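Hello,

Here is the structure I said I would pass on. My notes on the salt bridges and the nonpolar cores follow it.

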Amino acid sequence: MGITGARVRAVLGARTGGPVGDWPEAPDDETLLAAYSRAFRAAPEGLWHAPGRLALLGEHTAAGGGAALYAALPWGVAAAVGTTSDGRLRVAAPSGPLSARDRSAQAAAGAVAAARDRGVLGAGTGVRVLLGSDLPAHASLGGSAAVGAAVSLALADLAGADRPTGSTADQGVALDARAGHAVRVNLASGRTTVLPFDLAGAGLRLVVLETGALPRRDPRPVRAAELGRAQDVLGPLRSVQDLPGALRDLQNPVLRNRVEYAVTEVHRLNAAVGLLRTGRVAETGPVLSASHLSLRRFDLPLPSVDLAVETAARAGARGARMSGWAGTAFALVPGDRVAGLAEAVRGAFAEKGWPRPRIRAALPAEGARRKV
């Protein structure tokens, strides 16, 4: 998620924990193509786009081999791509070259390495990539995965190869998503299932509430270790049928909390999938809200995320939940209440003296595709 450097700055007092600036606007296609030509003194061979994604349910259960539900977003990453004969990878943004340590450059390098492993890209073939994005940084919206998906698809298309499969769950969502649908991902195997998620037909919107808040320490390694210790006692958490009995078998109260969340989240996700399969998307709201409340068993969410979710619920959301591991939440909202909900959330943050959150409404978007 790219939160480490920003977290350090927040802890040291270099900035508040809130968002920096407005929601970014992406350069248009012609601007990106022209920027590629300026950066590399050659025309690109095409322009590809991959969406960001919003985690709806289950993403915190990866260490237990669970499943998660995602929706692709209308904002994402565009990649102008071309190949050379020098064997080198060069990655840039419209503002200039990106260092090899930049997360976007690393994601592009991972896609190039995977393409070489699959035989899609020869060892002597170089790649040039110019990236543009309208995803906010550090927002748990899958920006790095979108880079990887866009570059992977570009290299496959240029080689005349089959559409790639994602090397991570997030990439799988970016590649397999369809407009008006959600994507269920098996977090152990990476296998995806596309499900109907027709919010427009139900008069609903996903409202992303990006607070910019960051935990002082990345909680993921500790939570993964805790779930691993619990599984040493109980076996795979996704297979637990007798939750009260399983909790009695654990002596550590922290592990009991973690297991209670992980096991009940499996049931919530299954319930949501059942509702989507039968076209009852509006009824998923209470499932989302129950998942948010249960996340307290995981020592999540952050106070600003709780405030966003609680305010959204009072302002008419059908359901609301934290998304990812940092400062992003979302709400399932009737279309005619989006503006009022956004105003209420901003007002609640202003009363606390907290930084103004970035808020945008969306419908589930299509997956990665070639644009030019």
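Arg-258 and Glu-226 are both buried. Please keep in mind that this is a predicted model. The side chains of these two residues form a salt bridge, with 2.6 Å from N to O. The pair joins distant parts of the chain: Arg-258 belongs to helix H8 (residues 253-277) and Glu-226 to helix H6 (residues 220-234), 32 residues apart.

The structure has 17 salt bridges. Another one is between Arg-280 and Glu-283, whose closest N and O atoms are 3.5 Å apart.

Glu-310 and Arg-296 meet through their side chains in a salt bridge of 3.4 Å, N to O. This pair, too, links distant parts of the chain, 14 residues apart: Glu-310 is in helix H10 (residues 303-314), while Arg-296 is in the loop between helix H9 (285-294) and H10. Glu-310 is partly exposed at 35% relative accessibility, and Arg-296 is partly exposed at 39%.

There is also a network of salt bridges that links Glu-59, Glu-265, Arg-268 and Arg-321.

On the nonpolar side, the largest core has 58 residues, and Val-151, Phe-197 and Leu-206 touch the most other members. Leaving aside residues up to four places away in sequence, the contacts of Phe-197 include Leu-56, His-181, Leu-276 and Pro-364. Another core, of 39 residues, lies apart from this one; Ala-262, Met-322, Val-333 and Phe-349 are among its members.

Regards

Definitions and conventions
Residues numbered from 1 in each chain as written. Predicted model: local features only at pLDDT ≥ 70, side-chain atom pairs only at ≥ 80, totals over all residues. Heavy atoms only, no water. Core = buried A, V, L, I, M, F, W, Y, C linked by side-chain atoms within 4.5 Å. Buried < 20%, exposed > 50% of the residue type's maximum accessible area, 1.4 Å probe, protein only. Contact = heavy atoms within 4.5 Å. Salt bridge = Lys/Arg side-chain N within 4 Å of Asp/Glu carboxyl O. Helix = DSSP H or I, 4+ residues; strand = E, 2+ residues; numbered from the N terminus.
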